[in-house]
Amino acid sequence: MPPVAVHFNGGVNLPDTTTVLRTLAERVPRGLRRLPDGETGERAQWIGYQRPRLEATPGLELVAGEPGAEGPYGGGPTLRVSDATDPDRIAWPEIGYASEYRASYATFRELRAEGVVPADVRFQVEYPTPQAVSQLFHPADRPRITPSYERALLADLDRILAAVPHRDLAVQWDAAVETVTADLAPETLDEHSGQLAGLVDRVPGDVHAGVHLCYGDAGHEHMVEPESLATQVRLANAVVRRARRPLDWLSFTVPQYRADEAYFAPLADLRTGPGTELFFALVPYHPEEQAAGTTEAQVALVDRYLPGGSGPWGICTECGMARADRADVPRLLDLHREILAQHSA
């Protein structure tokens with residue numbers, strides 16, 4: 001089966017929600033399931049959006065990182081719990097996502113009423129997992145502060161669940177830290193799949209729920225280079241098996257230079273079933289650097305190894321388009337449309 005749908009993992013480097021929704025719907029008019037608001041403004045920094053809120057939280061203290069250790073994936077200042085603070089009693093401020101999404105949903109509804117957004121497309125919101133945000137905490141304090149922060153994050157999720165009709169809503173959990181950690185330390189996969197299944201189960205059954213299996217894109221570099229789809233397949237299987245509710249979609253990382261059997265062969269072990277849509281990052285960030293025929297080979301490999309009985313599959317970029325140059329976003333969106341058209345003939 002060729003790809004039949006598109007998925008947007010979140011961030012889109014365009015100026016505002018209205019521009020994002022109009023541009024996505026107009027440039028990719030078929031295969032849409034859900035539309036994000038583009039995580040514009042401060043949210044383009046992913047978990048960096050939480051830093052100023054955490055730094056302003058009473059009971060947390062900013063401490064310097066190791067000199068010379070700063071990089072796109074850590075090493076900078078972190079937050080510690082002050083000696084006089086009980087982590088379970090931290091008065092977390094409103095962490096911001098629900099407020100942003102309420103405003104974006106109003107725009108979504110206006111554009112749907114105009115006929116810009118198709119009537120059957122859901123409004124998609126994205127949350128970093130608590131484990132992702134915990135990277136802003138000092139390693140020594142993560143075990144005792146992350147559960148407290150998780151409660152604040154889930155309270156924020158509850159606010160958007162109360163504000164948006166469930167028939168219109170889809171929730172994505174961005175699982176970069178879990179995917180990378182399970183790759184580097186396979187013995188942690190059971191722990192991380194349990195955490196992800198718990199987050200999926202916090203989404204009511206009449207709201208779509210998905211997980212983005214990610215290796216990061218800071219500076220257009222992965223945290224680690226995936227050797228194959230094996231870790232993502234094992235993690236996906238475990239989350240689907242352990243979650244009490246169905247998982248509506250999963251998105252998988254595929255580096256744009258990988259079109260070899262070794263990378264795709266682990267798909268044969270995928271056991272998500274027909275109810276879960278699958279999206280593979282076959283839309284390259286830098287198409288001018290990709291060898292001719294790569295996308296066609298990737299499509300053929302997905303078709304070859306994806307088990308019979310799997311749900312329909314589609315395409316995406318690896319990690320949204322928040323870090324793509326703004327001038328490149330229209331071309332990336334056109335690639336979504338062109339890839340679908342090429343393989344639907």
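Aromatic pairs in this predicted model number 14, where rings of Phe, Tyr and Trp (its six-membered ring) pair if their centres lie within 6.5 Å, and planes under 30 degrees apart count as stacked, over 60 as edge-to-face and the rest as tilted. One of them joins Phe-137 and Tyr-149 in an edge-to-face arrangement, with 6.2 Å from centre to centre and 70° between the planes. This pair links distant parts of the chain, since Phe-137 lies in the loop between α4 (130-133) and α5 (142-163) while Tyr-149 belongs to helix α5, 12 residues apart; helices (H or I, at least four residues) and strands (E, at least two) are DSSP runs, numbered from the N terminus. Both Phe-137 and Tyr-149 are buried, a term that means under 20% relative accessible area, with exposed being over 50% and partly exposed in between (1.4 Å probe, protein chains only).

Glu-39, with phi near 45°, is found between β2 (34-36) and α2 (51-55) and is buried at a relative accessible area of 9%. Trp-46, with phi near 50°, is found in the loop between β2 and α2, but is partly exposed, at 24%.Turning to the loop between β10 (313-315) and α11 (329-344), Asp-328 lies there and is partly exposed, with a relative accessible area of 35%. Asp-328 gathers with Glu-288, Glu-289 and Asp-325 in a patch of negative charge on the surface, patches being made of residues with over 30% relative accessible area and no salt bridge, with like charges joined within 9 Å and nonpolar side chains (Val, Leu, Ile, Met, Phe, Trp, Tyr) within 5 Å. A salt bridge is a side-chain nitrogen of Lys or Arg within 4 Å of a carboxyl oxygen of Asp or Glu.

Residues are numbered from 1 along each chain as its sequence is written, and side-chain values use heavy atoms, leaving out hydrogens and water. In this predicted model, local features need pLDDT of at least 70 and side-chain atom pairs count only at pLDDT 80 or more, whereas totals for chains, interfaces and linings use all residues.

Conventions. Accessible areas come from the Shrake-Rupley method with a 1.4 Å probe; for residues, only the protein chains shown count as cover. Lys and Arg count as positive and Asp and Glu as negative; His and the chain ends are not counted. The place of a charge is taken as NZ of Lys, CZ of Arg, CG of Asp or CD of Glu.
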